[in-house]
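Look over the sequence and the model first.

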Amino acid sequence: MSYQGGGYGPPQGPMPGGPPPGRQSAGNRILIVSLALVMVAAAAIAIGVVVWSFRGEGREGGGTAASPAPSASPASEESPEPSPEASSGADDLVNPGWKLATAEFYDFYYEVPYSDWTLSPGRGNDIGFDENGDGELDYVWEGAASYLRSPCEDWGARADVGAFGVLDSTDTEASVPKVAELWGELGYSGEKEDQASSTEVRSVEALEVNGLSGHLAIVDVTVPGGLSECAPEKAVVYTAAFPDEEREGRLRTLSVVADAGVPDALSESRMRRIIESVRDIG
C-alpha cells in the first residue's frame, strides 16, 4: 500500500515566497500554503511511499506513546451560530449552523463549526506537509480547513482537516491507522532527532456515515519538547478511510489533526462530528 504523491490528488510544488510558519517552527512540517494555479493531470506520477515503513531518519515511530488525558479545558460546545454562508450545490447541512468544506478531487463534502474556522479559499490552497524541510511539499491535503490559526506566532493552528488519497489498497481497516499515524508523525516532529513525535493507535472501528462505509482510526500522539511555547504535550488524530469509487484500487481519507490538553483545544466530540459529516458530493 502506498500513499498518494503528486498524482492522486492536488498538485505539489515549492512554497511561494519561502516557508510560512507551520504547526511548529522547528520543522515546518505542516505548512499553510497557496499553491501555484498550475494544474497538472490527475494521472501524473505518484510518489508511492510505503505506508508501514515511513519514518523520519533516526526515529523510533509508533507504539510508544500513552493515551493523552482529556483536554483540560476544551473548546466550548455552545450552540452553533447561524451561518451566513449558503451551502449551494450541497445537501442540507448535517450540522445546522456549521459551514461546508469541499474536497472536490476526492468527491467529499464535510462540515466545520462556523466560529474560529478558516476554509481554504479554493482548490490549490491547501495544507502541505514538507517531509524533508527543503521547501518542497511532499504530501498535500485537499479541501483543507483550520481551527484557530496562529494561536502563537510560530504555531500554525490548533487543528487542521483535509482529504488525502492512498494508492494500491482497498482495505480501509488495515490502512486507516497507518494514515493517521503518519499525520501524527509529520505534524508534530521537529528537525532534530530528539524531536520526533511518537504515536499509539487508540482504536479502529467500522464507520457507516451518510451512505459511506469504511473505518475510523483514532491515534494519540506524544509531542516532543522544544517545538514552540505554543506546542501541546499531546495531540490526537482522527482519520476516516473509504473506498474511492471513481478510482479502482484506491482509498480516500479525511483526517482531523488536533492539539490536545491545551485550554483552546478542539474537543474530541467536535472532531468526531466533523468526521461524521463527510459525504459524497455527487
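Buried means under 20% relative accessible area, exposed over 50%, and partly exposed in between (1.4 Å probe, protein chains only). This is a predicted model: local features need pLDDT of at least 70, side-chain atom pairs count only at pLDDT 80 or more, and totals for chains, interfaces and linings use all residues. Residues are numbered from 1 along each chain as its sequence is written, and side-chain values use heavy atoms, with hydrogens and water left out.

**Salt bridges**

The structure holds nine salt bridges (a side-chain nitrogen of Lys or Arg within 4 Å of a carboxyl oxygen of Asp or Glu). Among them are these:

| Pair | Closest N and O atoms |
|---|---|
| Glu-111 and Arg-279 | 2.7 Å |
| Arg-202 and Asp-220 | 2.7 Å |

Arg-202 sits in strand β9 and Asp-220 in strand β10, so this pair ties together parts 18 residues apart in sequence. Strands (E, at least two residues) and helices (H or I, at least four) are DSSP runs, numbered from the N terminus. Arg-202 is partly exposed at 36%. Asp-220 is buried at 0%. Glu-111 also counts as buried, at 0% relative accessibility.

Asp-259 is buried at 1%, and Arg-158 at 5%.

**Helix α1**

Helix α1 covers residues 172-187. Of its 16 residues, 13 are buried, so the helix is largely enclosed by the rest of the structure.

Methods
Expected span 1.5 Å × (residues − 1).
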